[in-house]
Amino acid sequence: MAPSLPEKRKVLPNDITELRRLLSSTNADVLTPTDSGYDATVERWSRAAEKPSGVSIAPTSAEQIAIAIRYATEQNLEVAVKGGGHSTAGASSTDGGLLIDLGRMRNVLVDLSKQRLHVQGGCLWSDVDNAAWEHRLATVGGTVDDTGVGGLTLGGGYGMLSGQRGLVIDNVVSATVVLASGEIVTASEDENADLFWALLGAGQNFGVTTEFVLQAYQQSEVYKGTMVFLPTPENITKLVAAVNHLYHVAKGGRSKKCMSLLAKAPDGSGNTVLVFIASYDGPEAEGKAVFQHFTDIGPCMSTMCSGPYPEVNKMIPVSTGLRSSIKGAAYVLPIRDTFFTEMMGKFEVFHGQCGDAGASLIAWELFDPTVLASSEKGCFANRGYHMNTVIMPVWTQATNDMQCREWAREMSFMFKHELETHGLRTGEGASVRGKKGATLLYGNYDQNDEQSRDIFGDNYPRLQKLKARYDPSNVFNKLFAITPDPVSNGQ
């Protein structure tokens, strides 16, 4: 058995003194719980993911990060890195350790000659969308624009344009990374290619990415909006048929995406509604034809229209300052309306038992996965023709933490059983395994039950070797941690 690595320790007063000395000639902020600005560094999108760091460092450059990381490695400090702060698993938080808050590094530079975006590690997707749109450009980005670029990208990254451009990682040209040693390196297909491969899917395990270079593309206005339907039996039957039909016509070409939300109406009535958030990357006339099957059903509200691309990533409702958890699941077409009805019944029971969770939702993501599934870029092992589901309880009281998280877990296993109904073999986890041996679940959706080997599949042994080379003491270990190979020493 390989010797275990020493447990990471918390920050002590002398560590704070030394970090302040090391960074004294820079403009990096070194903040403790008694300092103004500290609270903002430990705030998270989900209050349930918040932890009090021993010290928070808010840098403005890779060099400043290198100083802090080198010290943390030498002193065996626990380290966490915050980009957008959306991780509901607490992966961007540390209880008493050293926190690197990238919130002061949010610049985006547009290289028009190469149509590339140079994106600092603390950027949100709104920063990227808006900077690119000034030049009528776009790249694959998060479907919620206040999500951090770093976390979403390093874990794969689905977006509105995935139907024609693949994942975010399929559009990463290069990355600048601060390693555990404090060394600052560039990774691309031509430079440190093995590290580049590891970053694209498991990047949170290998360092602090301070800049991404993303390929962008010419972008016109898109047809997008929200359609709301009442969940009558007739509507459910028709809507399920419309979803199943969507990718049986006009495959390829323009990207079209639809997300169905099972949620409570925002008017406070407590009524459940079916919300379809849809987008089509093309002219309005074509978009109307694509979604004709939905509009023919007769939504009780519709905002479908053409508009700027950045508006696409503002359509999904997001509540801040609440407690939330995210559990992922997978499904395949065709959807059975009886399964959808059963899912809605469980949704209603949960809300009846936990009135504190009125903002909870179940989201079914739908787009043509052909381009994504055919790519081999990076170590992302979850490519396939399945679709992602997000099960997201949202609540306010800490006393409901266990109940809400358990409901999300139960819902994910309902999807597992539905996969079995389709004749697919599942294992102990909540899904089937794909061609890379990984469980077909999206790691960015904070799977609480799956292990690192489940997420990385056949790529895990190679990742272990690279981990031994780039982070042998396992400094970066917050989300689906990779155990360094004790034999290879990274060779």
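Mentor: Partly exposed means a relative accessible area between the buried limit, under 20%, and the exposed one, over 50%. This is a predicted model. In it, Arg 433 is partly exposed, with a relative accessible area of 49%.

Trainee: Which residue does Arg 433 meet in a salt bridge?

Mentor: Start with the general idea. Side chains of opposite charge can pair when their charged atoms come close. Here Arg 433 pairs with Asp 454, at 2.7 Å from N to O. Asp 454 sits in helix α14, Arg 433 in the loop between α13 and α14, 21 residues apart. Asp 454 counts as buried, at 16% relative accessibility.

Trainee: How many salt bridges does the structure hold?

Mentor: It holds 22. One of them joins Arg 323 and Asp 401, at 2.8 Å from N to O. Arg 323 lies in strand β17 and Asp 401 in helix α13, 78 residues apart. Arg 323 is buried at 16%, and Asp 401 is buried at 13%.

Trainee: Which residues are linked in a network of salt bridges?

Mentor: Glu 376, Lys 435 and Lys 436.

Trainee: Now helix α7. Why is α7 largely enclosed?

Mentor: Apply the burial cut-off, under 20%. In α7, 9 of the 10 residues are buried, so the rest of the structure largely encloses this helix. The buried ones include Phe 196 and Trp 197. Among the elements covering them are α5, β8 and α15.

Trainee: In what order do the strands of the open sheet run?

Mentor: The order is β5-β6-β10-β8-β9, with antiparallel pairing. The edge strands, β5 and β9, each pair on one side only.

Key: Residues are numbered from 1 along each chain as its sequence is written. This is a predicted model: local features need pLDDT of at least 70, side-chain atom pairs count only at pLDDT 80 or more; totals for chains, interfaces and linings use all residues. Side-chain values use heavy atoms; hydrogens and water are left out. Buried means under 20% relative accessible area, exposed over 50%, partly exposed in between (1.4 Å probe, protein chains only). Helices (H or I, at least four residues) and strands (E, at least two) are DSSP runs, numbered from the N terminus. Contact means heavy atoms within 4.5 Å. Two strands pair if DSSP finds at least two bridges between them. A salt bridge is a side-chain nitrogen of Lys or Arg within 4 Å of a carboxyl oxygen of Asp or Glu.
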